[in-house]
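The sequence and structure come next.

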Amino acid sequence: MQQYKILWADDEIDLLKPHILFLNNKGYDVTPVNSGADALDEIDHKYFDIVFLDENMPGMTGLETLNYIKSTHPNLPVVMITKNEEEQIMEDAIGSKIADYLIKPLNPNQILLSVKRILDNRRLVSEKTNLSYQQDFRNISMAYNDYMNHEEWVDVYKKLVYWELEIDNTDDKSMAMVLESQKEEANKHFTRFIVDNYESWLNDPKSEKPVLSHQLMKAKVFPELTGGIPVFFIIIDNLRYDQWKVIQPIVQESFNLVDEDNYYSILPTTTAYARNSIFSGLTPLEMSQKHPDIWVGEDEDDRKNNYEDEFVRRQLKRNRLDIKSTYNKIIHTNQGKQLVDNFNNLLGQDLNVIVYNFVDMLSHARTDLQMIRELAPDESAYRSITKSWFVHSSLHDLLKKIADNKAKVIITTDHGTIRVKRPFKIVGDKNTNTNLRYKQGKNLNYDQNKVFTVRNPERIFLPRTNVSTSYVFSVEDYFFAYPNNYNHYVNYYKDTFQHGGVSLEEMILPIVTLSPKGF
């Protein structure tokens, strides 16, 4: 075990010899001093892992010593020790970012616990996390080897994400590769589950099915439009469940979590299909049939998400919701700031639908820009960038304003992404779409294994551009690559985040209802 070095400053240090001997016997190297000035002299010339500091010393007080330590060694943990339980003393010490606060008379085990909590915390957490995951590994594997329904798959995915985030927070990443392999295995079984059940979800009224994209607003948003309180329905494009979990603690500084649920994205898991489906309350086939004036098909050059506001308006009208609503799409920073500046105009509306495109742009930038690839080389770093964006975003500012004005918030996304690793050869004509996770066309040539092929698109409520159109969905962590210039294509897209196909990450999505604290 590493021998940690402790500096202990107390004007009655001789009376503390039993405690110092106790720590020495536990393997800690303790340097005792009699004053704050002596403590500062030691700190300026030697390395210490932690400082014990008496609050009530003659000359330079403990708080004065603490302030100096934090100004010169801001990352050095300090434990304040005092006989005084006055609230002001505690607040001053806590405000100066102490690591712990102990009250005299001291107990040896109390001191040891404080040291372990500060110095050994990450090691102990790592050991406990890895052991706990090993114990849960078999339970997870046994679960997806049995037949599971859509709710049980959500539970498995949540467990995998939970352990992913827990291992993220440890120094020992020895189980990370095991977890990654288990996620890959889970996605194999999940693919079979989707292939076996997806069509019945859309066609059989009696099938056990999850809420899908086109049912989301009716199931989760419309019931909240009561009581005259404004509802903010916020879609963060491309936000996976794990990304939601890393920003959730920041959101909950201002909000209570009323409900955290999950729904399944329709196929293809892309903005053009899934988000339009949310806003229209219809499947892509129904959109193409009922709203041909605003539905943009694969064979058209127009942007496929230019009519989201109109889809929302028509869905509200179809459901006989005579309410005031707004729609805003935030792509650039200035648009987000402008929305925050004009926030009061939103309070007079019953429903405010807002789309934030940053996470989607991040995934595309990671594909196209080497610098972003280096900043986010793996899943953990990708989550970290998402969290950093959120903390400094106009969305965070908007949420704080919503909380201050006691309005309701529903946060969700339209689809997730998966980091693709394995290429899958496919050949298509010039009219085949360019997405790496699904292909739609009439002359597709590929190996039938390891894809989800739909030769009759109407069965999963997708439109055809011609009579021989079929859809092919990539599964697990595969991505489609053309034989022409194959090696360059594979090297360029491998380890990028893509969407459109079948995976836990793309299909199982968070839908969260929040109310302001104190409301």
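## Enclosed cavity

The count of cavities of 30 Å³ or more comes to one. The model is a predicted one. The largest cavity has a volume of about 30 Å³, and its lining consists of Ile-250, Val-251, Ser-254, Phe-255, His-396, Leu-399 and Lys-400.

Two helices, H10 (241-251) and H19 (394-404), each supply at least two residues of this lining. Helix H19 has the largest share, with three residues.

## Second largest pocket

The volume of the second largest pocket is about 450 Å³. Its lining comprises 22 residues, and those nearest its centre are Glu-164, Glu-180, Lys-183, Glu-379 and Arg-419. Two or more lining residues come from each of H7, helix H8 (176-203), helix H18 (379-391) and strand S11 (418-419). Of the elements involved, H8 gives the most, with seven residues.

In soluble globular proteins, nonpolar side chains tend to be buried together. Here the largest nonpolar core holds 97 residues, and Trp-153, Ile-194, Phe-233 and Ile-234 have the most contacts inside it. Helix H7 (residues 150-168) is the element that gives the most to this core, with nine residues. Another core, of 19 residues, lies apart from it; Tyr-4, Leu-23, Leu-112 and Val-115 are among its members.

Leaving aside residues up to four places away in sequence, Phe-233 touches Leu-216, Met-217, Val-221, Ile-278, Phe-279, Leu-351, Asn-352, Val-353, Ile-354, Ile-410, Thr-412 and Ile-511.

## Surroundings of Glu-260

Glu-260 is part of strand S7 (residues 255-264). With residues up to four places away in sequence not counted, Glu-260 touches Lys-158, Tyr-241, Trp-244, Lys-245, Gln-248, Ile-511 and Val-512. Glu-260 and Ile-411 are 151 residues apart along the chain, and their C-alpha atoms are separated by 9.6 Å.

## Three-stranded sheet

Three strands form an open sheet in the order S14-S12-S17, and the pairing is mixed. Strand S14 (445-446) and strand S17 (478-481) are the edge strands, each pairing on one side only. Strand S12 (residues 422-427) pairs with S17 in the parallel sense over four bridges. Within this pairing, Phe-424 has Phe-480 in S17 as its bridge partner. Helix H20 (residues 486-493) packs on the sheet and touches S12 and S17, and the direction of H20 makes about 145° with that of S17.

## Backbone exceptions

Most residues other than glycine have a negative phi, and most peptide bonds are trans. The bond from Lys-104 to Pro-105 is cis, with omega near 0°; Pro-105 sits in the loop between strand S5 (100-103) and helix H5 (108-119). The peptide bond from Leu-267 to Pro-268 is also cis, with omega near -10°, and Pro-268 is in the loop between S7 and helix H11 (271-280).

Asn-238 is not a glycine, yet has a positive phi of about 75°. Its place is in the loop between strand S6 (231-236) and H10, and Asn-238 is buried, with a relative accessible area of 0%. Lys-406, likewise not a glycine, has a positive phi of about 60°. Lys-406 is in the loop between H19 and strand S10 (408-412). At 34% relative accessibility Lys-406 counts as partly exposed, because the partly exposed class falls between the 20% limit for buried and the 50% limit for exposed.

How values were computed:
Residues are numbered from 1 along each chain as its sequence is written. This is a predicted model: local features need pLDDT of at least 70, side-chain atom pairs count only at pLDDT 80 or more; totals for chains, interfaces and linings use all residues. Side-chain values use heavy atoms; hydrogens and water are left out. Two strands pair if DSSP finds at least two bridges between them. Contact means heavy atoms within 4.5 Å. Axes are lines fitted to C-alpha atoms, for helices over the stretch in contact, and angles run from 0 to 180 degrees between N-to-C directions. A nonpolar core is a set of buried Ala, Val, Leu, Ile, Met, Phe, Trp, Tyr and Cys residues joined through side-chain atoms within 4.5 Å. Buried means under 20% relative accessible area, exposed over 50%, partly exposed in between (1.4 Å probe, protein chains only). On a 1 Å grid over the protein atoms alone, a cavity is a set of points where a 1.4 Å probe fits but cannot get out, and a pocket is an open set with protein on both sides within 12 Å along at least five of seven lines; lining residues have an atom within 4 Å of a point. Grid points are joined across faces, edges and corners, and a volume is the space filled by probe spheres set on the points.
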